[in-house]
Amino acid sequence: MYIRNNRLSACLKGLISLSAFLGILLQCGVFSGSLNLTVLTYYTMMSNIACAVYYLPAAIYQARKGETLLPKWKGALVMCITVTGLVYQTLLSGRFEMQGTLLLSTLLLHYVVPVACVLDWLLFDRKGRYSWKMPLAWMLAPGAYFVFVMVAVRLGAHLGPYGEKYPYFFMDVDTLGFGMVLLIALAMGVFFIILGYLLVLLDHKLGKREESRLEKG
């Protein structure tokens, strides 16, 4: 699927950037008067910051040039934010009671931005650009985050928003043991690599369909 509507594409990209920025500010407590920057250590926040930073210039580039800004890098970003949405849905949703601005930020960061990023790629990006090597490269960011957390905590850091060592319960070596944490990380990594290959497969199939349509038209 490839919709050639630069204005609509730019609007969706701008909405993604705005949603990510707003969700980040809400999560940090900027509007509630209780600023908490420790939440920036969450993978959720890092991936949404990347989306906020990328999609604003991407919207401008789309409107002016009619092209996707850095399409291969965008593939990595779409994969990273997909990890954010799926991990929240499968492992974190329902573990916390949220209301007010925290609930709104959760909806923006874990639902609106991931879904909108996938839709933006599906609807507006020219397909057939991804290689079969990319899913492995796309996992570098989540892998680097895992290493960062393990090393930082080992050096004495507390990365949880309320003084906990670990930002996520499934990374808690003290409770689960390093072997179990590593096993969970590897299982998640394999799952998302497979998901990445499915994305590349879809990209190739849609790309061939677009080529066929252009040849006939």
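User: How many aromatic pairs does a search of the whole structure find?
Analyst: The model is predicted. Ring centres within 6.5 Å make a pair. Searching the whole structure gives a count of eleven.

User: What type of pair do the rings of Tyr43 and Tyr145 form?
Analyst: The ring centres of Tyr43 and Tyr145 are 5.4 Å apart, with planes at 65 degrees. Angles over 60 degrees have their own class. The Tyr43 and Tyr145 pair is therefore edge-to-face.

User: How many residues apart are Tyr43 and Tyr145?
Analyst: Tyr43 belongs to helix α2 (residues 43–65). Tyr145 belongs to helix α6 (residues 140–154). The pair links distant parts of the chain, and the separation is 102 residues.

User: Is Phe148 buried or partly exposed?
Analyst: Buried means under 20% relative accessibility. Tyr145, at 7%, counts as buried. Phe148 has 36% relative accessibility, so Phe148 counts as partly exposed.

User: Where does Lys127 lie relative to Trp121?
Analyst: The cut-off for a charge over a ring is within 6 Å of the ring centre. Lys127 is at 5.1 Å from the ring centre of Trp121. Its place is over the face of Trp121.

Conventions: Residues are numbered from 1 along each chain as its sequence is written. This is a predicted model: local features need pLDDT of at least 70, side-chain atom pairs count only at pLDDT 80 or more; totals for chains, interfaces and linings use all residues. Side-chain values use heavy atoms; hydrogens and water are left out. Rings of Phe, Tyr and Trp (its six-membered ring) pair if their centres lie within 6.5 Å; planes under 30 degrees apart count as stacked, over 60 as edge-to-face and the rest as tilted. Helices (H or I, at least four residues) and strands (E, at least two) are DSSP runs, numbered from the N terminus. Buried means under 20% relative accessible area, exposed over 50%, partly exposed in between (1.4 Å probe, protein chains only). A charge sits over a ring if NZ of Lys or CZ of Arg is within 6 Å of the ring centre and within 35 degrees of the ring normal.
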